[in-house]
Amino acid sequence: MRAAGLAAAVLIAIAAFGQPQGEPVEFETKGALRYDSASDTAQGEAITARWREYFLEGTRFLGFPRKAEYRFFDGVRLRSENLLAQGAELFLNTRERRWTLLDGRAELKPAFTENRLLESLYLQGVRLEGVENRVHAEQCTATTCGLDHPHFHWSAETLDATAGDRAILRKVRLRILGRTVLTLPYVVVPLREDDTSPLPDAGFSEEEGFYLRYAVAYLLAQGALGNARFDLMQKRGLGVNLQQNYARGDLNLYLLRDLRQRANSITGRWQHGQNLGAIQTRWNAEYRQNSYLLFSDNTAWSVRTDWTLPARTGQTRLSLAESHNRTGAFENASRTLNLQDTRSLGRLQTNLSGEYLEFENRFTGSRTGNRQWNLRTNLRYDLEREMNLQLDFERFVPVGETTVFGGLERLPELSLTASARSLRLPLPDSQLRLSVGRFAEGFQTRITRERYAFEWQGRAGGFARERGARPTTLWSYRFRQTFYSDDTAQYLLQSTLEQRLPLSERFSLNLRWNYLRPYGYSPLGLDRAGFYNLLSGELRWGFGGGWSLAAQSSYDLRAADAGRDPWSLLNLNLEYQPAEWLRWRTQLSYDPNRERWRNLQTDLQWRFGDSRLALAARYDPERARWGSLFLRVDALKWGRSRISFLTQYNGYLNRFESRQALWVYDLHCAELEVRYIDNPFGFRRDTGLQVFIRLKALPSFSRYGYGQLGQPVGALGTDF
């Protein structure tokens with residue numbers, strides 16, 4: 001069970017009473033009220049009133065409107081769309097936004113807690129009081145079990161909480177099936193959205209053996225919440241994780257005396273934010289040594305700081321970063337410095353930056369590396385009527401005798417961009433770009449050229465949105481002419497023409513022509529382009545009952561001249577989907593050039609009741625074997641049990657890539673979960689067994705269905 005997690009949800013719910021009321025109390029039974037203006041006293045019986053979104057009812061009522069104080073007595077009821085509460089007495093001070101509920105109990109639905117709980121929360125307390133977002137409670141209990149005699153509940157003698165910050169509970173008890181199983185004198189609960197207290201976790205893994213993990217929250221000082229997690233591992237020993245929050249940041253430190261490596265394992269992270277007048281600073285540091293989750297005999301650390309000076313017209317930012325990584329005899333280091341200034345001055349937008357990069361590698365006495373400066377400038381000025389003028393400068397400068405990474409340098413380039421509309425041309429979806437500049441490429445074989453360019457691109461036509469409409473055509477075009485200072489020149493033609501032909505309500509044909517060809521010569525890699533001339537088509541046929549058939553292929557018009565195959569694979573897609581709960585797809589791939597089948601893929605998704613079956617397979621006709629098989633079955637019910645399992649098989653390697661199983665046993669307000677996960681691929685085998693009890697009302701994340709890096713297992717959901 002998770003004490004901190006449930007208590008946090010309780011406090012979030014209670015604190016909602018303390019939000020600014022925004023509306024006075026409005027009485028709906030005015031005839032039952034008696035008001036004495038001399039003493040400013042209102043009294044009544046069987047009163048019904050409205051406060052904000054709540055309806056209030058009481059057998060007796062006493063109020064002082066000028067003081068904004070109201071009391072409801074005897075059988076007080078408070079209800080809204082997401083709340084139902086009752087108590088002996090309710091006191092409201094709407095001016096001070098203060099309230100007190102005596103001998104109260106309430107049911108809060110998930111929407112009341114902003115869906116931080118998945119089921120209703122049941123509260124009870126001798127005294128609950130609050131002012132704005134602060135709450136104090138005495139002799140309070142909470143549970144998410146809706147039975148008259150709940151299976152479990154938490155109780156605390158006193159509770160003091162601030163919504164969005166923290167809560168302090170004293171003399172806390174957990175009772176299960178009428179017996180006290182846990183007593184804590186003092187518990188601190190984080191109430192920030194990014195603070196989580198993990199469930200107690202027990203299980204087995206190949207790396208750790210049998211393990212038990214548990215976390216406890218604490219309060220180090222005013223506003224300094226902390227969390228201590230203890231990892232007791234059979235093969236690794238005892239690991240302690242300390243996560244300490246403070247006003248401007250947080251510190252995370254993990255310590256382990258690794259029994260298997262016989263070495264200390266340390267992992268740490270520090271984040272801090274500090275404002276120095278108008279300057280905003282951020283600091284980040286990380287350290288890792290001998291982590292068994294990554295590599296043994298590895299030490300790595302990094303530090304980064306960012307300094308930002310905002311202004312009315314933009315901002316200036318300075319970043320410094322350094323990182324080191326050592327494994328065995330190999331070590332690498334990197335250092336970066338970046339200074340950037342961005343401004344917006346009327347129509348002028350500027351972006352100036354300078355970046356210093358340094359990389360160094362060391363191995364068995366040898367040392368290699370490089371250092372360089374990257375200088376960039378971008379000035380953009382918006383002219384009238386969708387026109388802009390732009391100046392770009394980019395330079396890579398080596399430091400010392402080291403070489404730098406290759407790239408394109410602009411020394412500089414000036415360009416003018418204008419839409420056809422601004423030039424009053426009858427081509428609305430097109431634009432013109434004129435540019436002149438000096439460019440340099442390469443460092444070992446460096447070339448420098450002046451370049452003059454003219455470019456026109458646009459499109460015409462469009463597709464009809466309604467299915468079965470008339471034939472439509474879309475044409476995209478591009479023309480570019482470039483001249484260079486070495487008396488070379490090049491022009492480029494590019495075109496895409498697509499035609500959609502709805503032959504009938506069930507038949508449709510799509511044709512596409514793609515063309516790209518440069519003429520002449522370009523000394524700069526910036527302008528070098530390939531050459532293709534390609535026709536492609538797709539035919540679709542929906543023949544009722546949820547069945548549909550499609551065929552796609554393409555033909556290379558330059559295949560004979562280039563000495564390559566003219567036809568691409570012919571893909572035949574057959575799909576059957578009579579309803580939302582069933583879908584079956586199959587794709588056959590045929591090679592027209594060699595007249596043989598190349599691939600068969602199929603997948604099936606079937607939902608029956610609360611259960612689901614997913615199957616995906618791929619067959620390789622050339623090797624006569626199933627390349628991959630994936631099967632997943634979710635939520636098969638058997639009594640109070642739900643069983644799920646999945647497997648991913650690699651036919652080329654003749655081994656399983658993943659095997660996982662999940663058994664969930666319903667305990668009414670809680671669930672017993674047993675997870676088995678085996679992902680053998682990777683630098684470490686991810687195999688383990690986990691057993692724990694989960695409260696249904698608390699959101700949780702399950703690793704079931706995911707691989708080592710958090711990726712979903714299987715290939716469903718992709719398009720053929």
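In the predicted model, C669 counts as buried, because its relative accessibility is 3%, which falls under the 20% cut-off. The closest cysteine sulfur to that of C669 belongs to C145 and lies 3.8 Å away, which is too far for a bond. The reason is that a disulfide requires a pair of cysteine sulfur atoms within 2.5 Å.

The protein chain as a whole was then examined. The chain has 720 residues, of which 37% count as buried. Its secondary structure comprises 2 helices and 42 strands. The accessible surface of the protein chain amounts to about 39,700 Å², and carbon and sulfur atoms contribute 54% of this area. Among contacts in the chain with a separation of 6 or more, 40% are accounted for by residues 24 or more positions apart.

T308 is located in strand β20, which spans residues 298-310. With a relative accessibility of 12%, T308 counts as buried, because this value is under 20%. When neighbours within four places in sequence are left aside, T308 is in contact with A278, I279 and Q280, and also with Q315, T316 and R317.

Technical notes
Residues are numbered from 1 along each chain as its sequence is written. This is a predicted model: local features need pLDDT of at least 70, side-chain atom pairs count only at pLDDT 80 or more; totals for chains, interfaces and linings use all residues. Side-chain values use heavy atoms; hydrogens and water are left out. Helices (H or I, at least four residues) and strands (E, at least two) are DSSP runs, numbered from the N terminus. Buried means under 20% relative accessible area, exposed over 50%, partly exposed in between (1.4 Å probe, protein chains only). Contact means heavy atoms within 4.5 Å. Accessible areas come from the Shrake-Rupley method with a 1.4 Å probe; for residues, only the protein chains shown count as cover.
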